[in-house]
Amino acid sequence: MIQLRGVSKTFDGGTSYAVKDLSFQVEAGETVVLLGSSGCGKTTTLKMINRLVEPTHGHIEVGGEDVMNQDPALLRRRIGYVFQGIGLFPHMTIEQNVGLVPRLLGWSARKRGERVRELLRLVGLAPEDYADRFSEALSGGQQQRVGVARALAADPAYLLMDEPFGALDALTREALQQELLGLKKKLEKTIIFVTHDIFEALLLGDRIVILHQGNVQQIGTKKEILSAPATPFVRDLFGKPAKQLADFKDILK
Amino acid sequence: MSAEPWITFVSDHLSELWIRTGEHLILTGFSTISALLIGVPLGILIFRNSWLRGPALGGVGILQTIPSLAMLVFLLALLQKIGVLPAVIALTLYALLPIVRNTFTGLTGVSPQVMEAAKGIGMTEGQQLRMVRLPLATPVIVAGIRTAAVVSVGIATLSAFIGAGGLGQFINRGLALYNTRLILLGAVPAAMLALLVDFAIGSFEWGLRPVRKQDKPGSARAIIRPVALMMPLLLIVIGLFAYFTQPSLGTRPASVSNGGTVTVATKNFTEQLILGELMAQVLEAKTDLNVIRRFNLGGSMICHGALMNGEIDLYAEYTGTGLTAILKAPVIADPEKAFYYVKAAYRKQYDAEWLRPFGFNNTYAITVRTQDAKQYGWHTISDLKEAAPGLKAGFTAEFAERPDGYPGLSKAYGFEFGGIRDLDPSLMYEAVSKGEVDVICAFATDGRIAAYRLTPLKDDLQFFPPYHAAPVVREAVLAEHPEVEQALSLLEGILDDQTMQQLNFEVDAKKRDAGRVASEFLKKKGVI
């Protein structure tokens with residue numbers, strides 16, 4: 001379980017807030033999507049959960065314990081993180097990249113090797129073809145699969161994903177989204193997923209947190225949000241793609 | 001210019017070339033390694049502590065701007081030692097800037113996305129540095145080491161100036177003897193060595209790169225990789241091997257005067273080399289002592305300093321130099337009085353003994369082209385008075401500064417020359433003969449006075465102190481080996497001005513070997 005209570009973050013001493021008075025809770029095994037346009041505070045929120053950024057006010061609990069009372073390095077090893085820019089280490093092979101967190105946790109080489117092969121197969125990369133390669137030899141989609149495998153390596157209970165599929169083409173993105181849905185059922189992780197893509201949010205989220213300029217607009221299931229948008233911003237946000245879809249159908253006629 | 005063909009010249013010097021190359025590699029190798037051991041941690045330190053950046057980068061930058069010779073002489077004074085140690089320290093200080101700067105730049109240049117990932121997956125600060133930052137910065141750091149090593153090869157040629165050996169020894173000797181071949185014998189291998197060092201570190205960097213999938217065990221790359229990694233080490237091993245295979249030629253700090261060795265030194269010009277050979281050969285012929293030659297040290301102060309530290313046992317000094325430059329005493333015009341003054345003062349202050357002089361007086365001689373002397377009727381220095389403002393003078397830097405040099409001369413004679421150019425002693429004679437300057441401060445016994453058709457003018461006011469050369473020996477050596485004094489006494493009064501000029505001429509103009517010229521002379525005189 002991940003819980004945020006009254007969390008605020010300012011980078012300029014209080015003149016403006018990247019995140020303001022944010023509270024929500026993610027139950028074990030649940031996937032919550034943080035949805036909003038760029039600059040709305042969703043990435044900052046994600047980074048506060050594993051202490052890459054520290055909150056100015058409020059409390060964040062992971063597994064029932066305040067993150068500020070935990071050693072940051074140990075905390076981060078318990079939370080899988082998929083980075084927006086992927087961030088694979090260019091001087092390490094795919095095997096070394098995926099096996100890194102287990103290595104930091106002191107797993108034996110043999111156990112690491114088995115785990116890496118298992119995970120590469122899980123994300124659809126044949127270990128015998130990819131394990132010894134370097135990330136530069138992989139396509140963007142393949143790199144992101146490795147990024148997901150790396151986040152899952154030490155079998156963390158929590159997974160934070162920061163626009164993992166944002167930079168991919170539409171076809172690859174859709175394939176990876178479908179695979180993530182499959183993984184979600186199989187792995188039973190507690191996931192927080194950040195995106196600006198409404199369809200992605202509707203597809204993946206058990207619940208959706210809509211953020212705008214650091215403030216929460218609405219928290220709820222897709223049904224709740226679509227049937228009863230809480231603010232004009234939410235209504236516009238979901239109205240726009242529907243209108244675009246209608247326009248698109250017009251063109252096809 | 002010389003009778004000897006190139007091939008014979010090089011093959012004659014082959015064994016020495018081998019050992020000098022070895023010394024050069026050792027100077028470069030050890031200084032680069034110590035710069036690496038200091039520079040990389042310093043680079044990491046300033047990366048982590050931003051307040052240190054300005055001072056540290058500024059500091060190593062300033063080191064870089066100190067002229068190499070000034071740095072060597074400064075370290076010499078500080079360490080009270082000649083030889084390899086001050087040279088390696090100087091080279092290390094020069095090598096710091098590229099290594100520190102590249103380490104810092106390399107660490108800073110790692111992509112922030114990669115570093116955020118390193119932090120985000122749970123690496124500690126130390127792990128981020130060790131597992132991610134340093135490996136990714138390595139190519140840039142190695143590039144800095146490469147620059148440092150190549151620059152070191154160049155600067156190491158100057159180390160010969162303070163007796164550290166290396167290929168600079170040939171260059172120094174070539175400059176002293178005005179022998180282009182000797183200069184090239186040092187300069188060309190030094191340039192090739194620079195390319196070799198560059199290549200070796202380049203291969204090392206290639207060998208460090210991550211193993212690619214195509215580098216399967218057994219492939220050509222997999223075999224070359226360890227070889228490439230070993231290249232710099234190989235060069236150092238070759239250097240050490242060369243250094244220790246021919247110890248008789250080496251310039252290691254000798255364990256002085258115990259176990260029956262005596263170390264003879266010289267300054268870096270022709271006459272000194274001949275005198276050094278004369279003394280060394282007499283000692284070899286008449287005593288059982290093992291003679292070590294540490295020739296071509298870069299000047300009076302370096303020789304004197306080395307004598308005081310016991311790193312050398314004897315060298316030939318000139319009374320005038322001892323009097324004014326070393327003892328800082330006023331000029332004494334009378335040769336006998338001057339000699340006894342320095343003898344007494346050295347005994348009292350330096351525990352060193354002046355033996356009887358060789359005979360000739362190598363004083364400064366204000367010298368002009370013979371053609372000009374005839375045309376204008378110049379015989380004495382006073383004759384120049386009227387023409388002086390229109391004359392260009394070429395002086396050695398030492399002469400231009402010393403109280404018994406130009407400053408005193410112009411005061412005593414009451415005139416100044418129109419312009420002064422600082423010239424190297426080895427270039428002075430040619431410069432005046434070609435008309436680039438009109439007057440030089442020649443040495444009275446220099447063979448090139450005759451060779452370049454020059455005329456020394458008479459010092460009619462007896463301004464210049466006498467410069468009679470004599471062996472100066474540490475008292476401890478004389479006490480332990482009285483035979484040294486006996487042997488050297490055979491050289492007393494053996495050379496007059498003309499004879500010295502003739503010997504200098506043989507070496508300077510005819511490009512003959514100083515050792516051979518000295519042994520011929522000693523045999524002719526029946527000394528050995």
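Okay, let's start where the chains meet: 26 residues of chain A are in contact with 20 residues of chain B, contact being heavy atoms within 4.5 Å. Before I go on, this is a predicted model, where local features need pLDDT of at least 70, side-chain atom pairs count only at pLDDT 80 or more, and totals for chains, interfaces and linings use all residues. Residues are numbered from 1 along each chain as its sequence is written, chains are lettered from A and ligands numbered from 1 in the order in which they are written, and side-chain values use heavy atoms, with hydrogens and water left out.

Back to the interface. Together, chain A and chain B bury about 2,000 Å², and 66% of that is on carbon and sulfur atoms; buried area is the accessible area (1.4 Å probe) that two parts lose on being put together, summed over both.

On the chain A side, the elements giving two or more residues are helix H2 (72-77), helix H4 (100-104) and helix H6 (127-130). H4(A) gives the most, with 4 residues. Helices here are DSSP runs (H or I, at least four residues), strands likewise (E, at least two), numbered from the N terminus. By class, this side of chain A has 12 nonpolar, 4 polar and 10 charged residues. Ala, Val, Leu, Ile, Met, Phe, Trp, Tyr, Cys and Pro count as nonpolar, Asp, Glu, Lys and Arg as charged, and the others, Gly among them, as polar.

Now, cavities. A search of the whole structure gives 3 cavities of 30 Å³ or more; on a 1 Å grid over the protein atoms alone, a cavity is a set of points where a 1.4 Å probe fits but cannot get out, and lining residues have an atom within 4 Å of a point. The largest cavity holds about 80 Å³, a volume being the space filled by probe spheres set on the points, which are joined across faces, edges and corners. H8(A) supplies the largest share of its lining, 4 residues. That lining has 7 nonpolar, no polar and 2 charged residues, including A:Phe165, A:Arg145 and A:Glu179.

Methods: On a 1 Å grid over the protein atoms alone, a cavity is a set of points where a 1.4 Å probe fits but cannot get out, and a pocket is an open set with protein on both sides within 12 Å along at least five of seven lines; lining residues have an atom within 4 Å of a point.
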